[in-house]
Each structure stands twice: as C-alpha cells, then as structure tokens.
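Colleague: I am new to this structure. Please show me how to read a few of its features.

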Amino acid sequence: MIKRALSVWCDKVWLAFVYVMGLAALAVLLINWGSLNVPERIAWALAVGIPLHVFEENTWPGGFFYMNNLTFGSKEPKVYPQNRATNMVTNFGAEIVFILIAMNANTLGPAAVTVAVFFGIVEFANHTREGIGMRKHFKDKGKRTVYAPGEATALFPLLPNAAWGIAWLAANPFSWMQILAGVGICVGIAVCLILVPFAISLRVKSREFAFRDAGYFERYIR
C-alpha cells in the first residue's frame with residue numbers, strides 16, 4: 001500500500017507541487033522586486049527557473065531521464081539509474097533547497113549567488129554535452145539537431161541568471177570562503193539528491209518506479 005502510494009506520488013503528483021512552488025517563487029520575486037537586493041533576486045530567479053527546467057525535462061517534451069540513463073550506460077534506460085523515485089528526490093528536493101537559499105539570500109550573499117552561477121553553467125554544459133551525444137546516438141534514426149529536453153531552459157533562464165551572478169560577483173566584494181560555501185551547497189545537492197539515489201537505484205533496478213515512455217525520444221526508438 002505504501003509502495004503503491006509512493007509510486008503514485010512519484011508519477012505526476014510531485015511535479016504539480018514543484019510547479020506550484022515555482023509560481024510562488026515567481027510571485028515573491030515580482031511582488032518584492034523593489035525591496036530585494038541583487039543576490040536575493042538572483043536566488044529567487046533560480047527558484048523560478050528550476051521548475052521551468054523540470055517542466056521541459058519531465059512534462060514537455062519530457063524524456064530527459066532516457067538520455068541521462070543512456071549516458072550512464074544503462075541497458076534498460078526506462079528503469080535505471082534514474083527512475084521516477086530518484087527523479088522526484090532530485091528535483092523536488094533541489095527546489096526546496098533553492099527556495100530555502102532564496103529565503104536566506106540576504107545573509108548568504110555571495111554563497112547564494114555562487115549556487116546560481118554553478119547550476120546555470122553546469123546545466124548548460126551538461127545538456128549541451130548530452131545533446132551532442134544523443135545526436136550521434138540517434139543519427140541513424142533521423143536525429144539532426146543537438147536539442148535534448150532541458151536545453152532550452154538551460155539556455156534561458158538558467159544561463160543568463162548565471163551570467164548575472166558572475167557580473168555581480170565581479171563588481172562586489174566577497175570572500176573565498178563564501179564562494180566555497182556556495183560550491184559546497186552544490187556538491188551537497190549533487191551527492192545527496194543525485195548520486196546517492198542513483199547508487200541505490202543501480203542496486204535495486206526497481207520496475208515499480210520505471211518510466212512508462214521516453215518522452216521526446218519516443219520518436220527515435222519506435
């Protein structure tokens with residue numbers, strides 16, 4: 001019963017919550033724009049951008065997991081290492097962390113900005129790399145572009161937000177400990193919300209939490 005309820009939550013329900021959090025973050029950003037300092041604006045913009053990114057990866061056109069699992073060398077890319085459970089933990093957990101960072105960005109300052117810079121650059125680099133890989137992988141199936149789910153929102157708004165963060169850091173004083181704190185937060189997210197769930201999924205290979213279709217990539221695997 002519990003496993004079934006978790007499966008339902010990990011299907012579509014959690015996505016609705018992430019999108020609601022994104023809309024709430026947008027409301028905070030727009031309503032309080034005049035009273036927010038730049039680190040707060042950048043942090044709230046990240047909290048808005050991540051749900052948009054999640055929408056592209058998981059709802060329309062969807063299928064990011066399929067590309068990601070192929071990149072990891074999975075023989076069953078609908079099953080592991082990224083499955084519906086790990087997907088929920090990664091994205092739902094990350095959005096909660098980003099909102100908490102935005103709520104405390106006035107105190108965190110450069111550390112909060114570093115998080116936005118790190119994620120904007122890493123997401124753009126990762127999606128570009130994987131998009132090139134998928135063009136090569138599906139070239140004989142008719143794939144002609146390097147587009148892959150997540151690339152559009154990595155280009156906008158995540159990458160411009162990262163550029164805004166770099167410009168702010170270049171123009172304002174910061175300590176390297178603050179930068180390291182921001183990097184530490186990013187590493188913590190990567191380890192706790194991505195690598196550990198993936199490691200568990202690699203061992204379990206749960207079919208209960210397998211994806212049901214490949215989203216964008218369905219056209220290339222039929």
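Predicted model: local features only at pLDDT ≥ 70, side-chain atom pairs only at ≥ 80, totals over all residues.

Modeller: Residues are numbered from 1 along each chain as its sequence is written, and side-chain values use heavy atoms, with hydrogens and water left out.

Colleague: How many salt bridges does a search of the whole structure find?

Modeller: A salt bridge is a side-chain nitrogen of Lys or Arg within 4 Å of a carboxyl oxygen of Asp or Glu. The search finds four. One of them pairs Arg-212 with Asp-11 at 3.0 Å, N to O. Arg-212 is in the loop between H8 and H9 and Asp-11 is in helix H1 (residues 2–31), so the pair ties together parts 201 residues apart in sequence. Helices here are DSSP runs (H or I, at least four residues), numbered from the N terminus.

Colleague: Is Arg-212 buried or exposed?

Modeller: Buried means under 20% relative accessible area, exposed over 50%, and partly exposed in between (1.4 Å probe, protein chains only). Arg-212 is exposed at 53%, and Asp-11 is partly exposed at 26%.

Colleague: Which residue does Glu-130 meet in a salt bridge?

Modeller: Its partner is Arg-129, at 3.8 Å, N to O. Glu-130 is buried at 2%, whereas Arg-129 is partly exposed at 46%.

Colleague: Where is the cis peptide bond that involves Pro-61?

Modeller: That bond runs from Trp-60 to Pro-61, with omega near 0 degrees. Pro-61 sits in the loop between helix H2 (38–58) and helix H3 (64–71).

Conventions:
Helix = DSSP H or I, 4+ residues; strand = E, 2+ residues; numbered from the N terminus.
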